[in-house]
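Open the model in your viewer and keep the selection tool at hand.

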Amino acid sequence: MSLSAKSVLKEGSTQLSHICELDLVQQASHQRLVSLIATISVSSRNADTIYTMIMRGVNIFRLNFSHESHEMHSKTIELINEALERIHKETGQIRTVAIAADTRGPQIRTGLLDGDVFLRSGDNLRLSINRDLYDKGNKEAVYVDYPNIINLTKTGDRLFIDDGRLLLHILEVGVDGLLCEVIHGGQLNNNCNVILPEIEIDLPAVSEKDMFDIQFSIKANVDFLFASAVRSAKNVKELRTVLGEKGKHIKIIAKMDSKIALSRFSEILRAADGLLLSRADLGTQIPIEKLFITQKSILGQCNKAGKPVIVASHILESMRTLPHPTRAECFDLANSIIDGADCIMLSSEVAIGSYPKETVATCDTLCREAEKVLWFRDLFSDLVSEVRGELDAAHSLAIAAVETAKRTNATLIIVLTTSGRSATLVSKFRPRCPIVAITRCERTARWVYLHRGILPILYTSEPSTDYATDVDARVQFAMTSAKKWGIIDDGDPIVIVSAWKDGGGFTNNVRVVYAFFEADRVDCLFRSDRRHSRKNTNLQMANREPGDKKSINA
């Protein structure tokens, strides 16, 4: 078994002994299982930074439509493609990364200010729906662009301004606005968002700006839509309607960013392709002491349902201005991994921070260290026990593959897939080793990054006329790539999941092979039993010239 996998695969007889035996000195060297999402903006929108981010493990790039123009996002996509081409020229490998469009969603916003406005606790502020005040905001009154606010709110309700930085209580509801008392003050800026945590606003799920941004995203061929302010399953369906036939390939990731969305968690989870836990937004609407338990519950339910889940907001926030994170941030990130996150999203740390490269490198290291703590045996058993009713063939095969990998102590699971579904089902049951999804579909090679543990490989060779020969060629290519990544070594058991015939929907074959390497070949080969693989290694050792120090595994 390769050294790179030992730290991941090692487990004691109990969870307690596993934790007690964790290596406290050696750096984690295994392949990271969690995907990293990086937001690109002014600090990171340059060729060298994006290239370094990809080399250090960023899998998905996020375009934030709340803040930047389409021209800037087009430039970002161009730089990403240039970085991928540069990597291909330098390494000969085809790397893939996915792109996510983050919509602003329906929002209530304040107007423009006539000068600086600083609000102190105890001040009174009137939020007026009178359009005449749009560009005349001051310390006494500010325009708000939601006329129905006077019909939905009542005395005593809370409201937040500017992503929760300012907290106000409503003292009086008038015919043209709200009289509010400032509880937590601060600097008020132009066009700040207004959050009503206890109220379901009646704004459309897709605003005019969202419509414009979604059309751009479809033309830009993005892979994911991070949908803000989703309040129900109906909103997800409305988004699918807007995406239409041209955008049907785009996966909708619904944000858990409001108290209303949290109250309808189950229906949103069923309707969306995955969830994004926006801790900054949610943290303004629920008690702060309930936020960590909410994260654990959401991640657990997503794992149970087999839906990917992203943890976002304030991951390594202090690295906006410092080259290293706080210890509390390290603990928080590690616990997110242990809780079951599929992806970790970096936002302002890499978008406008001073150390985007260092932030990505730190996040990568922390994730790999946290993954050593996971107790995969009980996790697999728990996930299998939660599957109710009669299983279909695809789920049965995924469970069989993970069980086989567990019993053979496999270093790698290789899944031959077209749509990516077989690989994501294997990921659902959380094998302790990486999953290589080898596919000829470029889109599949991008969207599987949402699921923990999947390493996609784009296979570009033309299909062989003989299906069995084509299967062996793809498996060999996957194993050779895994060897270059340091995932497998000579004699390692590998689980292969494939179809019995060509075409999608026929995946029903699980087998175990063993890797071996011939001295005069770069390609990784495989045999059906470990004995012959070990024999091959021994022969190479015996045939080496005296004094030849070159490793047979080079």
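The model is predicted, with local features needing pLDDT of at least 70 and side-chain atom pairs counting only at pLDDT 80 or more, while totals for chains, interfaces and linings use all residues. Residues are numbered from 1 along each chain as its sequence is written, and side-chain values use heavy atoms, leaving out hydrogens and water.

Next, show strand 1 (residues 35–39) beside strand 2; they pair in parallel over four bridges. Strands (E, at least two residues) and helices (H or I, at least four) are DSSP runs numbered from the N terminus, and two strands pair if DSSP finds at least two bridges between them.

Strand 3 (residues 98–102) runs parallel to strand 2, joined by five bridges.

Now colour strand 2 (residues 58–64): seven of its seven residues are buried, meaning under 20% relative accessible area (1.4 Å probe, protein chains only).

Within that stretch, select Phe61. Leaving aside neighbours within four places in sequence, Phe61 is in contact (heavy atoms within 4.5 Å) with residues including Ile40, Ile54, Ile80 and Ile99.

Last, select the cysteines. How many disulfides does a search of the whole structure find? It finds zero, a disulfide being a pair of cysteine sulfur atoms within 2.5 Å. Cys330 is in none, and the nearest cysteine sulfur, that of Cys363, is 10 Å away.

Note on methods
Buried means under 20% relative accessible area, exposed over 50%, partly exposed in between (1.4 Å probe, protein chains only).
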